[in-house]
2 protein chains.
Amino acid sequence: MAVLAIDIGGTKCAVALTDASGDILTSEVAPTPSGGDAETLWRALWSLIETTVGAEPVDGVGVGCGGPMTWPDGVVAPLNMPGWRDGFPVVARLRERFPGVPVRIHNDAIALAAAEHWKGAGQGVDDMIGMVVSTGVGGGLILGGRLINGGTGNAGHIGHIVVDPAGPPCGCGGNGCLEAVARGPALAAWAVEQGWVPGTPAAGPVNPELSEREAAALYRENARATGRQLATDAAAGDQIAVAAMNRAGWALGLAIASATHLCDVDLVTIGGGLSQSGPLLFEPLEETLRTHARMGFSSRVRVVPAALGQEAGLIGAAALIVGGDRYWSP
Amino acid sequence: MAVLAIDIGGTKCAVALTDASGDILTSEVAPTPSGGDAETLWRALWSLIETTVGAEPVDGVGVGCGGPMTWPDGVVAPLNMPGWRDGFPVVARLRERFPGVPVRIHNDAIALAAAEHWKGAGQGVDDMIGMVVSTGVGGGLILGGRLINGGTGNAGHIGHIVVDPAGPPCGCGGNGCLEAVARGPALAAWAVEQGWVPGTPAAGPVNPELSEREAAALYRENARATGRQLATDAAAGDQIAVAAMNRAGWALGLAIASATHLCDVDLVTIGGGLSQSGPLLFEPLEETLRTHARMGFSSRVRVVPAALGQEAGLIGAAALIVGGDRYWSP
C-alpha cells in the first residue's frame with residue numbers, strides 16, 4: 001500500500017509516499033511560489049506530486065494545509081497563500097487526478113497533532129492536545145484516542161483561548177487571544193516596544209577579535225525583530241528577550257490550564273519554532289500552569305516538546321488515510 | 001425495561017424509575033441529611049431507592065453525583081456532602097444491591113449535559129457544551145455526538161477556564177476561574193463589596209400599602225446576600241445587582257468564546273439558578289461572546305437556556321444506561 005501525503009504551507013510544500021505504517025518511502029520539498037495566482041500554485045504542487053509519485057499506484061491521498069478551509073470538502077483559503085485566498089478546491093482537484101481512492105484533508109496544526117499522537121510524543125496517550133507555537137499558535141485535539149473535529153472541522157484552535165481580556169488585538173478579530181500574545185511576531189513586537197534591540201552585544205560578540213562597538217554594529221545590521229532572533233537573544237541573556245519568553249510562557253500556561261480543565265487531557269505537546277527555546281519557554285509555562293491547574297485531575301497534565309521534526313506534517317497527512325477512524329471521522 | 005436513575009446532591013437526592021426511552025415512570029425526592037456521617041447518608045439514599053423501586057426488577061442503575069469522584073469506579077467525595085468527603089464507594093454499594101446489571105456514574109454537571117443533548121435543548125446537535133451556573137459553574141462536553149470523558153472522567157470543567165488572570169481566588173486552588181467570578185455566592189459577595197444591600201426598596205415594595213421605610217425594613221429582614229436575591233434585585237432594577245449580572249455575563253461570554261475556539265461546538269446550553277435571569281444575564285454574555293468569537297466557525301455558536309427542569313439530573317443518569325455508547329464509553 002502506498003499513501004500520497006501532502007503538506008501545503010505558505011513557505012514550502014512537501015510531498016511524500018508512505019507505506020501503510022506511515023513510514024516515508026520517498027519525499028520532495030519545494031518552495032511555495034510567492035505571489036503566484038491560483039493555477040500557478042496548483043501547477044507547482046502538481047509538479048511536486050508527479051515527481052514524487054511517478055508511475056506508482058496510490059491507495060489514498062492525505063493532505064495537511066493551512067486554514068481556514070471548508071471541511072471535509074477541502075476548499076482551502078490559507079492566510080499566507082494569497083493566490084488561494086478566495087478559496088481553492090484542492091481536494092476536488094486531487095480527486096480528479098486520483099479517482100477511486102480516498103482524498104482527505106485537515107488543518108495543518110491538526111495534522112501535526114495527529115502525527116504526534118500516532119508516532120510522536122503522544123504515543124499511547126488517549127487524551128492530548130498537539131500544539132504549534134510559531135508565526136501562529138495552533139493545535140489539534142485528541143480525546144478518547146480519536147481526533148476531534150468539532151462541528152466544522154475546526155476543533156483545536158487553542159490559540160484563540162482568551163488569556164488576557166484587556167490584551168492586544170488578534171488576527172481573528174477578537175483580542176487577548178493566546179495567539180495575539182505568544183505568536184513569534186507579536187512577542188517580537190512587544191519586546192521592541194520594551195526597548196529590545198535585536199542582536200545587541202548582550203548576545204555576545206560573533207567574533208572575539210571585534211571591538212564591542214564593531215560587534216554591536218554587526219549585530220544590528222544582521223538582526224531582525226523576529227521570534228527566532230528573540231529566542232536567540234533570550235538564550236544569550238538579553239533581559240528584555242527573556243521577559244518576552246516569560247510572557248509567552250505565561251500565556252501558554254494559562255491557556256493550557258484552561259484547556260486541561262475543559263478537556264481533561266493527560267498531555268500537551270508543543271512544536272514549532274518557539275518550542276525550541278527549552279527552559280526559557282517551558283519554565284515560565286510550567287510556573288503559570290501549576291498555579292492554575294490545581295485540581296486533582298488537572299495537576300496531572302504534562303507538557304512536553306513535540307517529538308517529530310520536519311516530517312511531522314507529512315506523517316499527519318498520511319494518518320488521515322491509514323489511521324482508520326482514529327484520525328478520520330467526518 | 002426499567003432503569004433506576006439516581007441524582008445525588010448536597011441539598012436533595014432524587015431517585016426515579018425510567019423506561020428505555022428515559023421517560024420517568026415514578027420518582028421520589030428527599031432532603032439530603034445535613035451533617036450525617038457516611039452510613040447515615042447511605043441509609044437515607046437507600047431508603048429512597050427502596051421506596052421507588054419496590055419489587056420492580058431493575059435492568060441498570062445510572063447515577064449523577066457531585067464531584068470530585070474517582071471515575072469510572074465511582075468513589076465519590078462531593079464537596080457539599082461532608083459525610084462523604086473522605087470518599088464513599090457508592091457504585092460498589094449499588095453493585096452489591098443490584099448484582100448483574102450495569103451501575104454507571106458521572107459528575108452531576110456531566111449528567112445534565114447528557115440530558116440536554118438527549119432530550120433537551122441540544123437534541124440533534126453533535127457538538128455542544130451543557131453548562132450549569134448556580135452555586136458552582138460546571139459543565140459537560142458532547143463532541144461528535146458522544147459524551148467526552150477525558151483522561152479521568154473530568155472533561156467539561158468549563159468553570160475552571162481562567163477568565164481573569166488577576167481575578168479572585170477559586171475553590172480549586174487557582175484564581176480567576178469562571179467559577180470564581182460567576183458562581184452565585186461569588187457574585188453576591190462582589191455586589192456586597194460594591195455596596196449592594198440585598199432586597200432594598202429599589203426592588204419595589206412588596207405591599208403597596210406599606211410606606212417606603214416599612215417596605216425597606218421588611219426587605220432587609222427577609223433578604224439574604226445570595227445569587228437568587230441578586231437576580232431578583234437585578235430584575236427590579238437595582239443598579240449594583242445589574243452590574244453583578246453584567247459581570248457574570250462577561251465572564252461566561254469569555255469562557256464560552258474560548259471553549260468554542262478549542263472545541264468547535266455549535267451550541268452551549270445554560271441551566272441552573274442564574275440562567276433563570278433571562279436577558280439580564282444573556283445580553284451581556286452575548287455581547288462579550290460576539291466580541292471574542294469572530295472566526296467563521298466560532299461566530300456560529302448559539303447559547304440558549306437549558307430546556308429541561310428539575311428532572312434533568314434523573315434523565316441524564318438514565319442516559320448513562322440506555323443511551324448506548326453515546327453517553328458511556330469509559
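Leaving aside its neighbours within four places in sequence, B:H157 is in contact (heavy atoms within 4.5 Å) with A:H261, A:L262, A:M295, A:F297 and B:N107. This is a predicted model, in which local features need pLDDT of at least 70 and side-chain atom pairs count only at pLDDT 80 or more, while totals for chains, interfaces and linings use all residues. Residues are numbered from 1 along each chain as its sequence is written, chains are lettered from A in the order in which they are written, and side-chain values use heavy atoms, with hydrogens and water left out.

B:H157 lies in the loop between β10 (146–147) and α4 (178–182) of chain B, where helices (H or I, at least four residues) and strands (E, at least two) are DSSP runs numbered from the N terminus. B:H157 has a relative accessible area of 16% and therefore counts as buried, a word that means under 20% relative accessible area with a 1.4 Å probe, protein chains only. The side chain of B:H157 also reaches the backbone oxygen of B:N154, at 2.8 Å.

From this residue we can turn to the interface as a whole. There, 38 residues of chain B are in contact with 38 residues of chain A, and the area buried between the two chains (the accessible area, 1.4 Å probe, that two parts lose on being put together, summed over both) is about 3100 Å², of which carbon and sulfur atoms give 65%. On the chain B side, B:V162, B:L262 and B:H292 supply 20% of the area that chain B buries against chain A, more than any other three residues.

Conventions
Buried < 20%, exposed > 50% of the residue type's maximum accessible area, 1.4 Å probe, protein only. Polar contact = N/O pair within 3.5 Å; in protein donor to acceptor, adjacent residues only side chain to side chain.
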